[in-house]
Amino acid sequence: MKTCFSAIQPTGIPTLGNYLGALRNWVNLSREYTGIFSIADLHAITVRQDPGDFRRRVRAVYAICMASGLDFKNGAVLFPQSQVAAHTELTWILSCFTMYGELSRMTQFKDKSLKNSDNINSGLFTYPILMASDILLYGAAAVPVGSDQKQHVELTRDIAVRFNGVYGDVFVLPEPFIPDMGARVMNLQDPKRKMEKSDPNPNGYISMLDDREAIIKKCKRAVTDSGGEVRYDEKLKPGISNLMTIYSLCAGKSLEETEREFSGQNYGTFKTAVGEAVNTALAPIRDCANEYIGNPAHLDKLMNEQTRRATELAAPMLKQVKNAMGFVAD
Ligand code: TRP
């Protein structure tokens, strides 16, 4: 069975956008691949984190991913990135196979440097090397990511090709796996922007831990247009189109079916139906995640077991890399 790898940054509680665009695909892929999934806490420290919040958030994100239905029977593993030291060790090695010019061309680095102009630390710059290490350590063939991360997966391939060119076929070349629909769930208050977990306005996103009332309230308040027709048109009706995408993914209906179902109905009725569909999709995950969050001792035990497995899975590749390069064996 081939391996897939992906990770999510604990920069906030995952949103409906993370669920529809990422977690749901992880769950599906974990049935066909050995799914290795990580909470990318090391990536998150490129911006300052408050220690107490950070610890709580990593646990909550872990609980949500645990609850989302990954196929652990099929060998899926879920662990916090910082607990498997091989990731940082391989990062140093691969940094000697990554060119300054390549990193300078990363569009995310350019965007993030503009946004964090008071803290353009070198971690922000070398972030894609840590990501390459995450992927290459486990020999992942498929990497489910949003389109914003595609360039980083391509860089990972370039690094792997460069390394393999010198030392033989050590690394598996990964392919980005970009789902078409749902990859972009937009902000409810500003449907031209992506729904993001770190957004300052909580009405713009639905958190995976929001209860039914909060979900419905946020859907009702979602910004739409002054028309009254539930019809898909990203340009003229970005708000309604976003709600239609959300509804169709949560209710398992096509956009055409959705359009037909709500033809002649007003926005209020449609928005309530969207809220109910979202709640139905998220409720089982939310309830299960809250149980984990309410029992931290149990959660930590699961985390430790999973981390031990990930550590075992990562070890052979790091060893092979060091061996191939001529490091004195330990
Ligand atoms: N950088 C990714 C993001 O911000 C998260 C991530 C870290 C990741 N390591 C990864 C994604 C490896 C895919 C593979 O979304």
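Me: Which residues around the ligand come nearest?

Reply: This is a predicted model, in which local features need pLDDT of at least 70, side-chain atom pairs count only at pLDDT 80 or more, and totals for chains, interfaces and linings use all residues. Residues are numbered from 1 along each chain as its sequence is written, and side-chain values use heavy atoms, with hydrogens and water left out. A residue is near a molecule if one of its heavy atoms lies within 4 Å of it. Of the 13 residues around the ligand, the nearest are Gln9, His43, Tyr127, Asp134 and Gln149.

Me: How far is a nitrogen atom of the ligand from an N or O atom in the side chain of Asp134?

Reply: A polar contact is a pair of N or O atoms within 3.5 Å; within protein, one must be able to donate a hydrogen and the other to accept it, and residues adjacent in sequence count only if both atoms are side-chain atoms. A polar side-chain atom of Gln9 lies 3.0 Å from a ligand oxygen atom, and the side chain of Tyr127 has an N or O atom 2.8 Å from a ligand nitrogen atom. For the side chain of Asp134, the distance to a nitrogen atom of the ligand is 2.7 Å.

Me: What percentage of the area that the ligand exposes when taken alone does the protein bury?

Reply: Accessible areas come from the Shrake-Rupley method with a 1.4 Å probe; for residues, only the protein chains shown count as cover. Taken alone, the ligand exposes 360 Å². The share buried by the protein is 89%.

Me: Which element supplies the largest share of the shell around the ligand?

Reply: Helices (H or I, at least four residues) and strands (E, at least two) are DSSP runs, numbered from the N terminus. At least two shell residues come from each of β1 (3–8) and α7 (122–137). The largest share, 4 residues, is supplied by α7.

Me: Is Thr15 buried or exposed?

Reply: Thr15 lies in the loop between β1 and α1 (16–32), and its side chain reaches the backbone nitrogen of Gly17 at 3.0 Å. Buried means under 20% relative accessible area, exposed over 50%, and partly exposed in between (1.4 Å probe, protein chains only). Because its relative accessibility is 0%, Thr15 counts as buried.

Me: Why does Thr91 count as buried?

Reply: Thr91 is found in helix α4 (residues 86–95). Thr91 counts as buried because its relative accessibility is 15%.
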